[in-house]
Amino acid sequence: MSVDAHKETLGFQTEVRQLLKLMIHSLYSNKEIFLRELISNASDACDKLRFEALTDEALMEDDAELKIQVEFDKDAKTVTVRDNGIGMDREEVMENVGTIAKSGTKQFFESLTGDQAKDAQLIGQFGVGFYSAFIVADKVSLTTRRAGMGAEHGVRWESDGEGEYTLETVERPMRGTEVTLHLREGEEEFAEAYRLRHIINKYSDHINLPIEMKSEEEGKQDEYEVVNSASALWARPKTEIKDEEYNEFYKHIAHDFEEPLAHIHTKVEGNQSYATLFYVPQRAPFDLWDRDKRHGVKLYVRRVFIMDDAEQLMPTYLRFIRGVVDSDDLPLNVSREILQRNKQIDTIRAASVKKVLGLLEGMANNEAEKYQGFWDEFGSVIKEGPAEDHANKARIAKLLRFASTKGDADKQTVSLDEYLSRMKEGQDKIYYITADSYAAANNSPHLEVFRKKEVEVLLMGDRVDEWMMSFLDEFEGRQFQSIAKGELDLGELEDEQEKEEAKKSQQEHKDLLERMQKALGDKVKEVRVSHRLTRSPSCLVVEEHDMNLSMQKILKQAGHDVPTMKPILEINSEHPLVRQFEHEQDEERFSDWAHVLLDQAMLSEGGQLEDPASFVSRLNELMLDLSGK
Ligand code: ADP
Ligand code: MG
């Protein structure tokens, strides 16, 4: 059989070059992790083969015992990691070890500062994978053949990690991938049995496949022996598993470099038997916002890997959870379609969600600081929960954290329980305000009366907040009330006298209100006297069930057809400006005043004016007027 070698030299994608450079500097103190990464890839490759072979037995060829081998050559100063997994064809090699296919790569590299110390920290978050081989090697050779293809379809990839790599076709009878590292000067310690075994033990013991090395026993040096425990971590009893083992397993399945924040491991036996092991990462991945991407839970059936990213196993608002579900009852040939309408999966999912919520609750109650770290990373995703998961709404609500007029104005730290515990006497509602940003929320004129009465208001400035609040109507029997919507009803927070005065004031200023309404025409639904304001002359309000103005804006920007909902203009009848123009005889001047008050109210909400030029010219006119021209 002749093989057309078809050798070519190709350049790495720019990002790969950057990654290689950075990595060699930043991971130098932790260089042994290259072995973990290579073994992790070998294990993934075996999992993929096992899964594909479920529908195409021929892929196993006559070598169905999947395993990983680690070898070294002291004289040649090489370390080799070999697997008989799925392998790669030429295209796949180019795509997988010449580029970085991860979503978010580009943004990641844009976020690098150029300051090596800072970037070194970031690189860990990104996950380094295969390229970590170059930390200890100045030349890496990868030879592979895809399962099911003839021996003449072998491919060899070689690179010194400087910017280019070569690809050639080679004869390769053995299926799978073999990676050989030519160690850099000074890294010879890795070509030693003791060192390699120690690293495997430390990082890869949990790998669910035998990892073999040559025996060191006299006379048996050509035989392989298994050096890891080769049992599925999640199938072992909890009490026997050390935290380090849990952490290493996390790094393997999550392709993460950092330790997880927390984990929860459960085994269920009985009617249905299954095990679950879930992790909360420390940091949000770069593609967190891509709702269609990467649900991080892997499905196994009786210890056999079935699929990655099984989106049926976790709701979207928990898409950052990483882990494993292993069912004893599902058929091995289960497909994504079957998963979609499977009773067992529904049960496992419901129980899994409860477990994860329980884990988060425990953290919130007992490790507040850790939970705050979690919230800062993943809070905005959890906020999708009330809309998506009706059954667990009350539990999710307890996990929420908010900025607040009595907590931090720009950091979400206040829980609803905390809010309830500080409610004022006579207060029966949970007050909140949503705006374009936390600053806009905190500066909103609507807060004035609440500040005066020292009533706490939750401040919301995230895009999802208004949407989330449309799914939350109460917490522990207390209604949520937007302070920018509807008639302000402070209930018992207002005494009889105040209520009386408010009514009177509306009557007293009847003429003013009518004149303003006439001047503003159909720009507003109504003009009324406000009792929300103490310092500002005016503010805008929408009807109880209307969308707030910033939500209307977001939807319009996104190209939605939003019916124009006219706002209600409320004025502060005590304000000196209002008192002054109430007596304005000149109708044109009066109309200018009315418009300026309306536009001001819009601006202080963080809104945009339809006609800013007119606002400015009116304001200038009025200023000249006041200064006596
Ligand atoms: P990750 O494992 O996070 O995807 P890596 O850099 O470790 O990133 O690997 C990149 C890709 O190269 C893998 O996703 C896989 O497709 C391919 N790959 C690496 N090693 C092997 C291997 N031993 N067998 C088959 N494919 C491999
Ligand atoms: Mg990898």
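## A walk through the helices, cores and domains

The axes of helix 10 and helix 11 (residues 368-382) cross at roughly 135° and come within 8 Å of each other. This is a predicted model, so please read everything here as a description of that prediction. The crossing of helix 10 past helix 11 is left-handed. On the helix 10 side, the residues that meet helix 11 are Leu-360, Met-363, Ala-364 and Asn-366. Their partners in helix 11 are Ala-368, Lys-370, Tyr-371, Phe-374 and Ile-382.

Helix 19 (residues 510-520) and helix 22 (residues 587-604) have axes that come within 9 Å and cross at roughly 85°. That makes helix 19 roughly perpendicular to helix 22. From helix 19, the contact is made by Leu-512, Arg-515, Met-516, Ala-519 and Leu-520. Helix 22 answers with Glu-587, Phe-590, Ser-591, Ala-594, His-595, Leu-597 and Leu-598.

Leu-299 and Phe-374 have the most contacts inside the largest nonpolar core, which has 73 residues. Helix 10 (residues 343-366) provides the largest share of this core, nine residues. Domain 2 (235-366) and domain 3 (401-493) both give residues to the core, so it lies between them. Leaving out residues up to four places away in sequence, Leu-299 touches Val-304, Phe-305, Ile-306, Met-307, Ala-310, Leu-313, Val-325, Leu-330, Val-334 and Leu-339. Apart from this core lies another, of 61 residues, with Leu-22, Ile-33, Val-155 and Tyr-165 among them.

The chain is divided into domain 1 (3-229), domain 2 (235-366), domain 3 (401-493) and domain 4 (496-627). Taken over C-alpha atoms, the centres of domain 1 and domain 2 are separated by 26 Å. Where these two domains meet, 26 residues of domain 1 are in contact with 21 residues of domain 2.

A few individual residues are worth a visit. Here is how their accessibility compares with the class each one is given.

| Residue | Relative accessible area | Class |
|---|---|---|
| Glu-245 | 15% | buried |
| Lys-77 | 34% | partly exposed |
| Arg-303 | 35% | partly exposed |
| Glu-425 | 77% | exposed |

Glu-245 has its place in helix 8 (residues 243-254). Because buried means under 20% relative accessible area, the value of 15% puts Glu-245 in that class. Leaving aside neighbours within four places in sequence, Glu-245 is in contact with Asp-205, Leu-233, Arg-236 and Glu-240.

Glu-425 sits in the loop between helix 14 (416-421) and strand 16 (429-434). From C-alpha to C-alpha, Glu-425 and Lys-556 are 41 Å apart in space and 131 residues apart in sequence.

Lys-77, in the loop between strand 2 (68-73) and strand 3 (78-83), has a phi near 55°, a positive value in a residue other than glycine. Arg-303 lies in the loop between strand 12 (297-301) and strand 13 (304-307). Phi of Arg-303 is near 75°, again a positive value in a residue other than glycine.

Note on methods
Residues numbered from 1 in each chain as written. Chains lettered and ligands numbered in written order. Predicted model: local features only at pLDDT ≥ 70, side-chain atom pairs only at ≥ 80, totals over all residues. Heavy atoms only, no water. Core = buried A, V, L, I, M, F, W, Y, C linked by side-chain atoms within 4.5 Å. Buried < 20%, exposed > 50% of the residue type's maximum accessible area, 1.4 Å probe, protein only. Helix = DSSP H or I, 4+ residues; strand = E, 2+ residues; numbered from the N terminus. Domains from an automatic or database assignment. Contact = heavy atoms within 4.5 Å. Axes fitted to C-alpha atoms, helices over the stretch in contact; angles between N-to-C directions. Left-handed = near helix turned anticlockwise from the far one by under 90°. Parallel < 35°, antiparallel > 145°, perpendicular 65-115°, else oblique.
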